[in-house]
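Please open the structure in your viewer and keep the selection tool at hand. The stops below are meant to be taken in order.

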Amino acid sequence: MPVQTHQNRMAAIDGLRAIAVLMVVAFHYLGRWPNDYTGLSFAPMFEFGWLGVDLFFVISGYCIAMTAERTGSLATFWGRRFGRLYPAYVTGVFLTFALVSYFGLPGKEVTVLQALGNLLFLNAVAMPPVDGVYWSLIVELKFYFIYGFLLCISRRPSIILGGMVGLFLLGLGLRLVGIDHFDRIIRPEHIILFLIGAALFFAHTQNSGAQQRPYYLLAVCAYLASFTTGAYDVVVPYAAVTLLVGIIVIATRRLPVLSILWPVGLISYSWYLLHQNIGLLIIRAATNAGIGDALAVTIAVIGTLALSMMLYFVFENRTMRKRANQLFEKIFSILKLNRLAKQPA
């Protein structure tokens with residue numbers, strides 16, 4: 001059997017990211033908005049494409065656990081995670097705000113003050129987002145803090161994963177008795193997805209099949225538990241397949257054939273940030289000009305992909321990420337957020 005290289009393993013993960021972002025783009029262009037808004041004439045399709053975001057959460061759980069394993073302080077962990085998101089996010093906010101403000105997009109305009117508030121993530125509590133897709137970034141940020149606090153308690157996988165299981169059960173239990181305040185911290189249907197990814201990562205850190213088995217079993221149990229939250233009640237078959245494919249690809253780190261999509265996976269974050277409102281601007285302008293549905297959507301895909309490639313190469317390159325990581329690490333160090341529990345022997 002040929003040796004699987006690190007590049008091949010990451011190509012599988014990036015291929016999975018590509019599938020996730022393509023699902024979300026298809027949903028927002030073809031299934032999310034009514035025809036009288038987009039100007040398209042065909043019936044809505046890919047209405048289950050929002051499941052791509054849940055696939056992203058599973059992948060994030062894996063990558064967040066990986067980042068934590070490689071860092072020696074809380075400041076470094078949070079610095080790397082914030083440094084991963086923020087440069088492209090800031091640029092995405094400015095670019096989307098500028099284009100929507102100039103060309104107009106009904107129901108999507110925000111003020112300059114609100115756009116500036118988005119830079120501080122105030123869209124999590126008090127301001128409308130520049131683009132609705134930012135809600136998932138807020139979920140990611142919440143999980144960064146939760147994972148960081150768990151790391152302060154212990155770096156043992158059993159404690160970290162046990163803490164996540166506890167938060168899931170607490171949130172689900174409170175919701176079942178009519179108390180939904182915990183959802184403001186993190187929703188059970190989200191933390192269970194991060195748990196799946198983290199469990200798969202810890203399985204990969206073990207040296208034998210016997211050691212890996214409990215983590216794989218936990219990932220499977222979390223997969224089944226995700227259907228108890230009510231989030232998938234109307235899309236059970238689609239959710240079952242989407243999440244199962246994600247688990248298999250991450251567990252095996254193989255994605256036959258579709259791993260060739262890895263370049264799309266590389267720019268998936270940038271494309272996610274830019275695709276919705278800017279894509280809707282393009283689709284509405286194209287249909288208003290009498291361009292056919294298929295061509296209008298194609299132009300939106302090509303246009304937003306081109307912007308995303310620019311955003312990726314300018315703001316997601318290694319140099320920019322390294323500088324952003326260092327900046328946020330210094331900020332968290334100044335705040336004295338630089339200690340973690342000791343690594344288990």
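The tour that follows goes from confidence to the core, then to salt bridges, backbone angles and cysteines.

**Before selecting anything**

This is a predicted model, in which local features need pLDDT of at least 70 and side-chain atom pairs count only at pLDDT 80 or more, while totals for chains, interfaces and linings use all residues. Residues are numbered from 1 along each chain as its sequence is written, and side-chain values use heavy atoms, with hydrogens and water left out.

**Stop 1: colour by confidence**

Colour the chain by pLDDT, which is the predictor's confidence in each residue, from 0 to 100. The chain has an average pLDDT of 92, and 95% of the residues score at least 70. Helices here are DSSP runs (H or I, at least four residues), numbered from the N terminus. Confidence is lowest in α1, with a mean of 88, and highest in helix α8 (residues 188-204), at 98. Now select residues 1-6, where pLDDT stays under 50 and the model has 5 contacts beyond four places in sequence; a contact means heavy atoms within 4.5 Å. Where pLDDT is low, the predicted coordinates should not be read in detail.

**Stop 2: the nonpolar cores**

A nonpolar core is a set of buried Ala, Val, Leu, Ile, Met, Phe, Trp, Tyr and Cys residues joined through side-chain atoms within 4.5 Å. Buried means under 20% relative accessible area, exposed means over 50%, and partly exposed lies in between (1.4 Å probe, protein chains only). Select Tyr147, Met164 and Ile196, which have the most contacts inside the largest nonpolar core, a set of 97 residues. Helix α3 (residues 51-69) gives the most to this core, with 13 residues. Which residues does Met164 touch, not counting those up to four places away in sequence? They are Phe143, Tyr147, Leu150, Ile191, Phe194, Leu195 and Ala198. A second, separate core has 6 residues, among them Trp33, Tyr37, Leu105 and Leu280.

**Stop 3: salt bridges**

A salt bridge is counted when a side-chain nitrogen of Lys or Arg is within 4 Å of a carboxyl oxygen of Asp or Glu, and the structure holds 7 of them. Begin with Asp14 and Arg17, whose closest N and O atoms are 2.6 Å apart. Both residues lie in helix α1 (residues 6-30), 3 residues apart, which is about one turn of the helix. Asp14 counts as buried because its relative accessibility is 10%, and Arg17 is likewise buried, with a relative accessible area of 17%.

From Arg17, move to Pro263, which is 246 residues away in sequence but 9.7 Å away in space, C-alpha to C-alpha. Pro263 has its place in helix α11 and is partly exposed, with a relative accessible area of 39%.

Next select Arg84 and Glu316, whose side chains meet in a salt bridge (2.7 Å, N to O). This pair links distant parts of the chain, with Arg84 in helix α4 (residues 74-103) and Glu316 in the loop between α13 (293-315) and α14 (318-334), 232 residues apart. Is Glu316 buried or exposed? Glu316 counts as buried because its relative accessibility is 3%, whereas Arg84, at 21%, counts as partly exposed. The side chain of Glu316 also meets that of Arg321 in a salt bridge (3.5 Å, N to O), and Arg321 is partly exposed, with a relative accessible area of 28%.

**Stop 4: two backbone angles**

Select Phe46, which has a positive phi of about 55 degrees although it is not a glycine. Phe46 lies in the loop between α2 (35-38) and α3, and at 40% relative accessibility it counts as partly exposed. Arg253 also has a positive phi of about 55 degrees without being a glycine. Arg253 is found in the loop between α10 (236-252) and α11 (262-266), and it counts as partly exposed at 22% relative accessibility.

**Stop 5: cysteines**

Select Cys152, which counts as partly exposed at 34% relative accessibility, and then Cys221, which counts as partly exposed at 40%. How many disulfides does a search of the whole structure find? The search finds 0 disulfides, a disulfide being a pair of cysteine sulfur atoms within 2.5 Å.
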